[in-house]
Amino acid sequence: MAKTSEIPDALNEEYYQISADILGSFNKYRPPINIYRFVENVARVAPFYRKGGRLTNEQIEELAQMVNDGLVFVSREDHPVYVKHISYQLDLVLVDKNLKEREIADIFTQALTRRIGEFMEQPVKIVFDKLYSDLMVLTEYIFQDIHRIRALFRRLHTEHSLENHSFNSGVVGLNLFGSIKARDFEEGGVKRKMFDNLTLGLFLHDMGMTKVAKFLRDKTQALTQEERQKVTMHPKSGLDMLNKLEIKFPETLACVMEHHERLNRTGYPQKKGAEELSFEGKLCAVVDSFSAMITKRPYAEAMDQMKASATLTKDPTYDKKIADALQVMLVQLMKL
Ligand SMILES: [Fe+2]
Ligand SMILES: [Fe+2]
């Protein structure tokens, strides 16, 4: 293995050292990227393969040897190609040591938004399982260091769609949870299973919206009473879907069922009050409203993030501590 000290820093800016796992995940004969080899005596990279070409069996063998020695590089100009590629095999993120935090954040953003979209399009077990395993790659990655979730906050979508809203809610929710439970994370007091279940709930709180006709979801005018009734069914539809998928995690259920409940019993579907609502449900309510407010929707312009969180802190139907924590978190993120 080439020692990192032998690879000049400037080279790492322009090129990306590729691991055997990632190289192995590409088409063996026709990788879709230019490949460079590090030439030790001149401490520079030289082209080894051009995309569009074809590697011979001898070259493949040579490449396998070089990759084990840490001598194989790709240009960071090809970043979009491998972000897309790795986003289809998200677990590579966990084994690859060369990806930068921002590259990993791009990969998660692409992969999860796409997977959520697939599930919302076709909400069946086989599609759910793929999404679930990708979400578990995310929790594995951020549970090691909760601060890693911050890089995803910078990649929130600005346009509204069901998958964009779901992605945004998951990311905002995990940032907020990480900030509220910062001390517990430091002391190792957050249970992994609870964290996994909450993650699923935050990303999928609106899964029941798949049962609402698309024209109603996108309608720009005020809804009629009948239409409104259909939309307010979505938490209950979400619960039915979870039952069908045989998911009984309490934290996930709380997000799906309680994100439209309000502390003064004006919410839906159960008109629960402050003392009956779970922490996860109250967290998801703040996260859901905030995530909706900060994107451009069919019926409203995007609101500034600080303004949106200020609105929530002043609204007594939301948990004040959670809304305050959101505001503190935003200020901290701005300072970084
Ligand atoms: Fe909802
Ligand atoms: Fe929502």
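Q: How many residues has helix 9, and how far does helix 9 reach from its first C-alpha to its last?
A: This is a predicted model, in which local features need pLDDT of at least 70, side-chain atom pairs count only at pLDDT 80 or more, and totals for chains, interfaces and linings use all residues. Residues are numbered from 1 along each chain as its sequence is written, and chains are lettered from A and ligands numbered from 1 in the order in which they are written. Helices (H or I, at least four residues) and strands (E, at least two) are DSSP runs, numbered from the N terminus. The expected span of a helix is 1.5 Å times one less than its number of residues. Helix 9 has 19 residues and reaches 26 Å, close to the expected 27 Å.

Q: At what angle do the axes of helix 9 and helix 11 cross?
A: Two packed helices are described by the angle between their axes and the distance between the axes. Axes are lines fitted to C-alpha atoms, for helices over the stretch in contact, and angles run from 0 to 180 degrees between N-to-C directions. Helix 9 (residues 162-180) and helix 11 (residues 192-204) cross at roughly 140 degrees, with axes that come within 7 Å. That makes helix 9 oblique to helix 11, since angles under 35 degrees count as roughly parallel, over 145 as roughly antiparallel, 65 to 115 as roughly perpendicular and the rest as oblique.

Q: Which residues make the contact?
A: Two residues are in contact if their C-beta atoms, placed from the backbone, lie within 7 Å. Helix 9 contributes Ser166, Ser169, Gly170, Gly173, Leu174 and Phe177, and helix 11 contributes Leu198, Thr199, Leu202, Phe203 and Leu204.

Q: What is the angle between helix 11 and helix 15?
A: Helix 11 packs on helix 15 (residues 250-258) at about 20 degrees, with the axes 7 Å apart. That makes helix 11 roughly parallel to helix 15. Residues of helix 11 in this contact include Met194, Asn197 and Leu198, and those of helix 15 include Glu251 and Cys255.

Q: How many helices and strands does the protein have?
A: There are 18 helices and four strands. The C-alpha trace spans about 70 × 40 × 35 Å along its principal axes.
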